[in-house]
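Hi there,

I'm passing a structure on to you, and I hope you enjoy looking through it. Below it you'll find some notes on what turned up, written for someone opening it for the first time.

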Amino acid sequence: MKSGREKAYEFLRETVLTDPEMQGRFLTEQEIADRIGVSRTPIREALLLLAAEDLVQLVPKRGAYIAPLSGREITELMELRGVVERYAAERLIELGTTPLAELTDILQRQRALLGADQAKEFIAADHLFHSTMIAALGNELLAKHYEGLRSRQIRAGVVALFRAEGRQQAVLDEHQAILDALVEQDADAVRAAITSHLDATSKVLLAG
């Protein structure tokens, strides 16, 4: 059974911090406690953990501030993702351990999530597509590091969907290009496909 701190941390990280509408807002301990039904102490502990991860800023007498992703954060996020994802894809091809069936299934499920009302679920599937490649390497430290990007990645992804018309279909096409390259075991093509995918998202976000 999860502790109050674990419940609070998971709720904040997976529900609140991934919601683009929460950017630029302050959260109070009592507000969060009322929403998930725990006392303020585990909320405070969860917020301290999130502040240590630089996901919220604790401001005395104001609460926890969820800062909008800056241009620098977006650029650094995409650069880091590019390094990790290209490496993972290349290694999977070298090792012959690409989880093609699993990636194909995720992409098929993502195709059924079109529409603004399912934007968050669509981007959660987006993250799962990429994190499945990372996890398939069997490098637990790398997978844990990549999973730490989840909140920022989902928030950025949802924002991108609402900023660019047709972005959902473009993401599906970009994922298909990555999968096709993995099927063909073409390292050059998969590197190019991942770079194109991340560059397209970054361009939308930085255009504001």
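On the H6 side, the contact is made by Ala119, Phe122, Asp126, Phe129, His130 and Met133. H9 brings Gln168, Val171, Leu172, His175, Ile178, Leu179 and Leu182 to the contact. Sorted by class, the residues where H6 meets H9 are nine nonpolar, three polar and one charged. Please keep in mind as you read that this is a predicted model.

Isoleucine 178 sits in helix H9, which spans residues 167–183. Is isoleucine 178 buried or exposed? Its relative accessibility is 0%, so isoleucine 178 counts as buried. Leaving out residues up to four places away in sequence, isoleucine 178 touches Phe129, His130, Met133, Val190, Ala193, Ile194 and His197. For a sense of distance, you could look from isoleucine 178 to alanine 64: these residues are 114 apart along the chain, and their C-alpha atoms are separated by 38 Å.

H6 also packs with helix H5, which runs over residues 100–111. Here the axes come within 9 Å and cross at roughly 170 degrees. Because an angle over 145 degrees counts as roughly antiparallel, H5 is roughly antiparallel to H6. From H5, the residues that meet H6 are Glu102, Leu103, Ile106, Arg109 and Gln110. Their partners in H6 are Phe122, Ala125, Asp126, Leu128, Phe129, Thr132 and Met133. The classes in the contact of H5 with H6 are seven nonpolar, two polar and three charged.

H1 (residues 4–16) and H3 (residues 40–52) pack with their axes 8 Å apart, at an angle of about 50 degrees. H1 and H3 are therefore oblique to each other, and H1 passes H3 in a right-handed crossing. Gly4, Arg5, Ala8, Tyr9, Leu12 and Arg13 are the H1 residues in this contact, while H3 supplies Pro42, Ile43, Glu45, Ala46, Leu47, Leu49 and Leu50. By class, the contact of H1 with H3 has nine nonpolar residues, one polar and three charged.

Next, the aromatic rings. How many aromatic pairs does the structure hold? There is one, formed by phenylalanine 26 and tyrosine 65. The ring centres are 4.9 Å apart and the planes make an angle of 40 degrees, a tilted arrangement. Phenylalanine 26 belongs to strand S1 (residues 25–27) and tyrosine 65 to strand S3 (residues 63–66), so the pair ties together parts that lie 39 residues apart in sequence. Phenylalanine 26 is partly exposed, at 25% relative accessibility, and tyrosine 65 is also partly exposed, with a relative accessible area of 21%.

Helix H4 (residues 71–95) holds methionine 78. With a relative accessible area of 8%, methionine 78 is buried. Setting aside neighbours within four places in sequence, methionine 78 is in contact with Leu198, Thr201, Ser202 and Leu205. Methionine 78 and aspartate 180 are 102 residues apart in sequence, and their C-alpha atoms are 22 Å apart in space.

Most residues other than glycine have a negative phi. Lysine 61, though not a glycine, has a positive phi of about 70 degrees. You'll find lysine 61 in the loop between strand S2 (57–59) and S3, and at 89% relative accessibility it counts as exposed. Glutamine 185 also has a positive phi, near 55 degrees. This glutamine is placed in the loop between H9 and helix H10 (187–207), and glutamine 185 counts as exposed too, at 55% relative accessibility.

Happy exploring, and do write back with any questions.

Best wishes

Conventions: Residues are numbered from 1 along each chain as its sequence is written. This is a predicted model: local features need pLDDT of at least 70, side-chain atom pairs count only at pLDDT 80 or more; totals for chains, interfaces and linings use all residues. Side-chain values use heavy atoms; hydrogens and water are left out. Axes are lines fitted to C-alpha atoms, for helices over the stretch in contact, and angles run from 0 to 180 degrees between N-to-C directions. Helices (H or I, at least four residues) and strands (E, at least two) are DSSP runs, numbered from the N terminus. Angles under 35 degrees count as roughly parallel, over 145 as roughly antiparallel, 65 to 115 as roughly perpendicular and the rest as oblique. A crossing is left-handed if the near helix is turned anticlockwise from the far one by less than a right angle, and right-handed if clockwise. Contact means heavy atoms within 4.5 Å. Ala, Val, Leu, Ile, Met, Phe, Trp, Tyr, Cys and Pro count as nonpolar, Asp, Glu, Lys and Arg as charged, and the others, Gly among them, as polar. Rings of Phe, Tyr and Trp (its six-membered ring) pair if their centres lie within 6.5 Å; planes under 30 degrees apart count as stacked, over 60 as edge-to-face and the rest as tilted. Buried means under 20% relative accessible area, exposed over 50%, partly exposed in between (1.4 Å probe, protein chains only).
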